[in-house]
Amino acid sequence: MIAVFVTLALTLVLGTTLRLAQGRVRTPRASSSGMPHAADLRSMGLDPGDGGTVVEVTTAQCSDCESTYRILVDAAAGRSGVAVHQLSAEQFPAVLKTWNVLQAPTTFFFDPKGNLVARVGGRATRRGIETALEGLV
Amino acid sequence: MTTQTSTTQAKRIDPRGARFGAGVTSLVLLVILILAPSVAALAVLGWQVLVFAIGAIRGPASGPYSLLYRKVVRPRIGPPSETEDAAPPRFAQGVGLVFAAVGLLGFLLGADVVGVVAVAFALVAALLNAVFGLCLGCKVYVLGLRVIRSRTA
């Protein structure tokens, strides 16, 4: 019976923590070394956009990648020159380390110069994506 | 635009059915933990191992909980507004199968602590899905991919 309570309590704490972390928009610190840059994209066959580039890192076992991608495409459609890409972690596993990806989807927002301006881990919200896109201009 | 390639036409499922299945699974696993260790717990766990196996092998829409959803719940709430790729929940069924099987083996061999812990892990994953809509297996998959691929690279 103790096992039941411990399990339920653990799930509640874990679930609340993970849920709160989903979709949080993080701004990378300036001038930190080894930051993702849009220049990395061409080697993976992705074209940067004139108005900025959005890259969603996905996996084959990802429950929120599709819905997040739909919002990304929809939100970017209202802005000119913003390219939206999906990047398969199975095809390019190196990005997991170099871009420090711990969950899928993780979405990266690069400004027109190619600098990373924001990253969003997990299931993204429309408002969070809009906020991140604002940072591109 | 997209670089994600899929060679086969992906199977689609009603996401509410998967969520419902996770809810039923949570209840079943909870009952096992309350009854354990006992013959009754063993029987229910045996059933759940079978359910996970069907979901992992034939897909999440083939299991008995999914059937229950389609026969009883879905007619009352109508068709889904959007569908989901069946691969992630199928993978999750596989993860559930591993934990449930380890639990079953634990109880059968008299290692009750192993049985309880394994079932508890499965319960955490199922509850996270049912209550919070989180896919724990998907998160573990990314970390696994990261570790394995960086080792072979």
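A:E130 and A:R126 sit four residues apart, about one turn, in helix α5 (residues 126–134) of chain A. This is a predicted model, and in it the side chains of these two residues meet in a salt bridge, 3.0 Å from N to O.

Let's zoom out for a moment. Over all chains, the structure holds 11 salt bridges. As background, side chains of opposite charge can pair when their charged atoms come close. How many salt bridges cross the interface of chain B and chain A? The rule finds two there.

Take B:R12 and A:E66, whose closest N and O atoms are 2.9 Å apart in their salt bridge. B:R12 belongs to strand β1 (residues 12–13) of chain B and A:E66 to helix α3 (residues 65–77) of chain A, so this pair joins two chains. B:R12 has a relative accessible area of 41%, which makes it partly exposed, and A:E66 is partly exposed too, at 27%.

Then there's A:R70 with B:E82, a salt bridge with its closest N and O atoms 3.3 Å apart. Here A:R70 comes from helix α3 of chain A while B:E82 lies in the loop between α3 and β2 of chain B, so once again the pair joins two chains. Both ends are partly exposed: A:R70 has a relative accessible area of 39%, and B:E82 comes in at 41%.

Now for the rest of that interface. On the chain B side, 36 residues are in contact with 42 residues of chain A. The area buried between the two chains is about 3,400 Å², and carbon and sulfur atoms give 62% of it. Counting residue pairs in polar contact, with both at pLDDT 80 or more, gives 11 between chain B and chain A. Which elements of chain B give two or more residues to the side that touches chain A? They are α1 (15–35), β2 (84–85), α4 (87–108), α5 (112–132) and α6 (136–152). The largest share, 10 residues, comes from α6(B). Sorted by type, the residues on this side of chain B split into 22 nonpolar, seven polar and seven charged.

Next, a couple of individual residues in chain B. B:T25 has its place in helix α1, and with a relative accessible area of 5%, under the 20% cut-off, B:T25 is buried. Leaving out neighbours within four places in sequence, B:T25 is in contact with B:Q48, B:F52, B:Y65 and B:A126. B:I77 is found in helix α3 (residues 64–77) of chain B, and its 44% relative accessibility makes it partly exposed. Not counting residues up to four places away in sequence, B:I77 touches B:R16 and B:Y69.

Finally, the disulfides: a search of the whole structure finds two over all chains. A:C62 and A:C65 form one of them, with sulfur atoms 2.0 Å apart. Their link is right-handed, with 90° about the S-S bond, and A:C62 and A:C65 are each buried. In chain B, B:C135 and B:C138 form a disulfide with sulfur atoms 2.1 Å apart. The torsion about that S-S bond is about 75°, so the disulfide is right-handed. B:C135 and B:C138 are each buried.

How values were computed
Residues numbered from 1 in each chain as written. Chains lettered and ligands numbered in written order. Predicted model: local features only at pLDDT ≥ 70, side-chain atom pairs only at ≥ 80, totals over all residues. Heavy atoms only, no water. Disulfide = S-S within 2.5 Å. Buried < 20%, exposed > 50% of the residue type's maximum accessible area, 1.4 Å probe, protein only. Contact = heavy atoms within 4.5 Å. Buried area = accessible area lost by both parts, 1.4 Å probe. Salt bridge = Lys/Arg side-chain N within 4 Å of Asp/Glu carboxyl O. Polar contact = N/O pair within 3.5 Å; in protein donor to acceptor, adjacent residues only side chain to side chain. Nonpolar A, V, L, I, M, F, W, Y, C, P; charged D, E, K, R; others polar.
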